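Let's take a walk through this structure together, one piece at a time. Keep the picture open while you read.

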Amino acid sequence: MSTVDIDAMEEQHHPRGITRWLYTTNHKDIGILYIAFGFLMFIVGGILAMLIRAELMEPGMKVMGPELYNQIISVHGLVMVFAALMPVSAGMVNYLIPMMIGAPDMALPRLNNFSFWLLPPAAILLVLPWLLEFFGIGNGTLDTGWTMYAPLSVQSGPGMDFAIFAVLLLFLSSTLASINILVTVLNLRAPGMTWDKIPIFVWSWVNTAVLLIVVFPALAGAAIMLLLDRHFGTHFFSAAGGGDPLLWVHMFWFFGHPEVYILLLPTAGILVHILSTFARKPVYGYKAQVYSFAAITMISVIVWAHHMYTSGLPTAANIYFMFSTMAISIPVGILFICWFGTIWKGSMTFETPMLFALGYIVLFGIGGLTGLILSDAAADQQYHGAYFVIAHFHYTLIGGPVMGVLAASYYYLPKLTGRMYDETLGKWHFWLTMIGFNVTFFPQFLLGIDGMPRRIADYAVKFAPLNMASSIGAFVLGAAQLIFLYNVYRTLVGAGKPATGRVWDGAQGLEFTLPSPPPYHTFEVPPTV
Amino acid sequence: MRAKIRLQIVLAGTAMGAFVTNTVRAKAFYNFPTPVTPVAEDTLFIHDLFLAIITVLFIIALGVLLYSVVRHRRSRNPEPATFTGPRTRRQWMWSAVPVLVMIVIDYIVLGIPSVEAIMTLSNKGHDRLVVVATASQWKWHYAYPRYGIGFNSVLSTPRDEIYGNAPKDKHFLLEVNHPLVLPTGEKVGIVLKSTDVIHGFWVPAFGIKQDVIPGYLRKTWVKIDRPGTYRGQCSELCGVGHSFMPIVVVAKTPAAFHEWVVAEQAREAGARAAATQTWSRQRLMTRGKVVFDRNCAVCHQASGLGIPGTFPPIATGHPFSASKALLDKLSARGFYKDGRIVEGPLSNHIDIVLHGIPGTPMPAFGKQLNASDIASVITYERNAFGNRTGQVVQPSRIVAARRAKAN
């Protein structure tokens with residue numbers, strides 16, 4: 001190695017090659033690792049989704065048997081929620097929060113490295129059983145759906161044990177990351193960056209981190225109990241041994257419902273930044289949004305049993321969970337008003353991030369409104385466990401978080417890489433995503449209303465036309481994402497116009513006072529706000 | 001009751017919702033099946049009402065968004081406003097109105113009919129008839145304690161239709177060998193039990209869906225308006241056969257229902273009598289294939305080759321690998337040796353079919369099938385799929401085995 005290289009190394013304070021990424025404690029490197037890992041897992045989860053839609057294209061078992069089908073839907077769910085969306089969201093927070101609040105790095109950098117490197121083993125644990133099955137060991141991965149309801153999950157094959165350990169690793173990873181985020185925001189804000197000035201995105205992540213720390217232990221505990229039931233002769237969930245199968249369902253949804261808001265809140269936070277930038281207008285209703293986030297966070301931990309209306313809860317419990325669930329529509333409604341208020345009388349332009357942000361409002365709007373229907377304990381007799389629910393949560397989770405992640409990706413890509421992406425390709429990506437998404441999932445509302453249960457590998461002939469439409473939509477939606485990958489690749493190899501530090505003429509915030517791409521270390525001397 | 005709800009809605013100012021509701025009811029597009037029970041009436045009404053309201057809300061919000069996108073673009077509005085929240089009283093009103101509207105919609109317009117529907121659903125009134133539906137992987141068993149009858153109800157769609165080797169029937173995957181028969185016009189209580197995992201009892205035309213949870217007795221009820229055939233499916237993922245355990249209900253007028261009960265009692269008496277007879281090998285084999293295809297093929301496959309790792313082959317001589325726990329259980333019973341499935345002793349075979357293998361998915365068929373069916377299926381398994389024991393099991397032997405265990 002020549003002296004020049006050592007100088008360059010000294011200047012950047014980081015080793016080169018693989019060790020840079022393995023040992024890094026730099027928040028930007030870790031952020032990029034999270035984001036890259038998350039998008040890789042999006043591809044894995046997306047391929048699984050394509051396989052599901054290929055099987056469901058026509059009635060009759062065609063592509064695979066029901067055993068493999070059940071495994072694919074389970075891994076698709078777990079990968080998309082835990083290994084794709086949460087890491088991308090954690091990557092965004094890692095990369096952005098120190099720059100947004102004027103901190104030199106996260107408060108606990110070594111912990112930060114550790115919480116990232118727990119993720120790849122967790123993802124490997126989910127898919128490894130397939131590889132083992134290929135070599136004749138075991139019978140594939142978990143096949144119980146991502147909800148892992150006992151006693152089906154007690155009965156399930158060894159793939160379930162792998163999934164339990166994956167969940168425990170993910171629990172450890174996101175709890176450590178959440179602690180790190182809270183400590184950073186509490187302690188490392190630049191002078192003058194008071195609580196009423198920190199960007200909305202930071203607020204959204206403060207709430208997310210609190211939720212993760214509060215609810216994830218319920219799932220981790222339940223997962224350990226499941227492990228004990230499977231191998232140590234306990235009977236937490238087995239009725240024959242005095243246990244209670246419904247206990248799992250309660251514990252799972254005590255975590256599972258807030259999980260939706262864990263996925264949603266960060267992108268609801270970033271959305272406002274994007275709307276404000278492209279409307280060239282300050283954020284509308286800052287305090288209202290912050291209080292709405294807090295209200296959502298609090299209400300979300302007391303509504304879990306609306307996932308259990310058909311499990312035979314007492315009537316009074318059904319009514320309570322219905323009304324508490326409906327209460328969420330109020331803070332969410334306030335968020336919508338603030339989003340409209342932010343663009344109202346603005347001076348809007350429609351670059352790709354703005355298109356995705358507006359698409360977010362429309363699609364998440366449909367998801368939210370159908371959620372209001374689902375809050376009804378009586379009508380839920382028809383929706384529960386049917387395709388209506390699948391359509392609803394894909395409208396909320398793709399319409400919200402995924403659209404938000406794509407909007408944020410286009411918004412910050414020039415900041416990360418220093419290069420502008422291709423606007424035409426971005427617009428193609430947006431419109432194909434919107435069309436593909438709606439063609440995929442709107443028919444699923446109708447399928448649910450028509451009586452198609454979810455998680456079935458094969459269906460009655462009356463469901464055939466809409467399933468065909470849904471599958472075609474899914475292939476368009478899947479193919480559209482390749483445009484995005486190509487667009488990102490272009491900026492990474494240095495094609496595209498160089499980006500300015502400000503990137504967008506309406507952009508506000510400390511991160512836009514830095515050059516694009518930002519230097520390896522930023523705000524070593526805290527800025528004054 | 002219905003009139004009262006309607007009145008409240010009009011009072012709440014959603015006459016528009018009722019209008020859209022009627023349009024929806026006119027079957028303009030996909031909707032729930034025509035309701036035949038009071039619960040289904042309620043759920044359809046609420047569904048239509050909710051759908052109408054959220055459609056109106058969505059159109060208003062989309063209108064506002066599109067208006068803003070058109071009017072507040074840079075080319076038409078080069079100077080952005082700078083407000084960050086409501087300031088004047090009028091602006092506060094504009095911000096508060098949607099929130100107040102949301103509260104009224106949630107707790108009055110939707111809340112009141114929803115609570116009434118939940119009350120309907122939890123009707124604890126007297127049942128004229130109680131039926132016990134027991135779910136197992138992957139079939140339903142329906143019992144009528146009052147009449148002393150009970151039977152299994154399993155998918156009757158041939159496997160060839162599922163795997164594309166035969167054209168699909170109109171009722172593909174929604175047809176069973178023996179439907180649940182219920183009388184019309186009477187309140188029928190349905191008690192739900194599960195023998196293994198969580199299943200779900202869902203018949204869309206009845207508007208009911210009830211999870212069937214092991215260790216719990218769950219109950220729901222129907223009062224069917226019209227005779228007819230109503231089809232539904234299991235609604236909770238319950239394993240490999242989840243897609244293949246439909247629920248078919250045939251509703252008959254009370255007179256026709258009682259005729260059916262008498263005929264069914266006679267049929268079951270006939271089956272009990274048959275268990276005391278000596279069956280020919282041919283009769284056992286023919287019946288055995290039917291029983292096998294309905295009850296065993298979903299796991300052990302119609303080919304008898306099973307699924308590696310989970311479901312052992314019935315055909316002997318085939319290699320099988322699985323967890324050590326499962327293989328140990330098979331070898332202890334004499335059905336597994338040196339990596340291959342072998343033909344174990346007949347007495348163990350009878351024991352496995354009657355009582356299952358605890359700790360594995362193999363259920364105890366003794367509770368589900370009658371002696372003739374069990375005798376037939378064991379005879380069939382020992383003489384089909386290339387197995388050549390030549391052994392014939394008579395129903396009397398099964399009756400004796402059951403008695404021995406009971407003692």
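Find strand 1 (residues 129-136) of chain B and strand 2 (residues 139-144) of chain B: they run antiparallel and are joined by five bridges. Strands here are DSSP runs of E with at least two residues, helices are runs of H or I with at least four residues, and both are numbered from the N terminus. Two strands count as paired if DSSP finds at least two bridges between them. For one bridge, look at B:Ala135, whose partner in strand 2 of chain B is B:Trp140. In general, strands of a sheet pair through backbone hydrogen bonds, either parallel or antiparallel.

Before going on, a word on what you're looking at. This is a predicted model, where local features need pLDDT of at least 70 and side-chain atom pairs count only at pLDDT 80 or more, while totals for chains, interfaces and linings use all residues. Residues are numbered from 1 along each chain as its sequence is written, and chains are lettered from A and ligands numbered from 1 in the order in which they are written.

Back to the sheet. Five strands of chain B form an open sheet with mixed pairing, in the order 3-2-1-5-8. Strand 3 (149-153) and strand 8 (218-222) of chain B are at the edges with a single partner strand each, so one side of each has no neighbour in the sheet.

Now try strand 4 (residues 180-183) of chain B, which pairs with strand 10 (residues 246-252) of chain B in the parallel sense over four bridges. Opposite B:Leu182 you'll find B:Ala251 of strand 10 of chain B. Which way do the residues of strand 4 point? B:Leu180 and B:Leu182 go one way, B:Val181 and B:Pro183 go the other way, and all are buried. Buried means that 20 or more other C-beta atoms, placed from the backbone, lie within 10 Å of a residue's own; exposed means 12 or fewer, and partly exposed is in between.

Zoom out a bit. Chain B has 13 helices and twelve strands, and 40% of its 407 residues count as buried. Its C-alpha atoms fill a box of roughly 90 × 55 × 40 Å along the principal axes.

Finally, the nonpolar cores: sets of buried Ala, Val, Leu, Ile, Met, Phe, Trp, Tyr and Cys residues joined through C-beta atoms within 7 Å. The largest has 269 residues, and those with the most contacts inside it include A:Leu219 and B:Phe50. Helix 4 (residues 66-101) of chain A gives the largest share of this core, 24 residues. Apart from it lies another core of seven residues, among them B:Phe320 and B:Tyr336.
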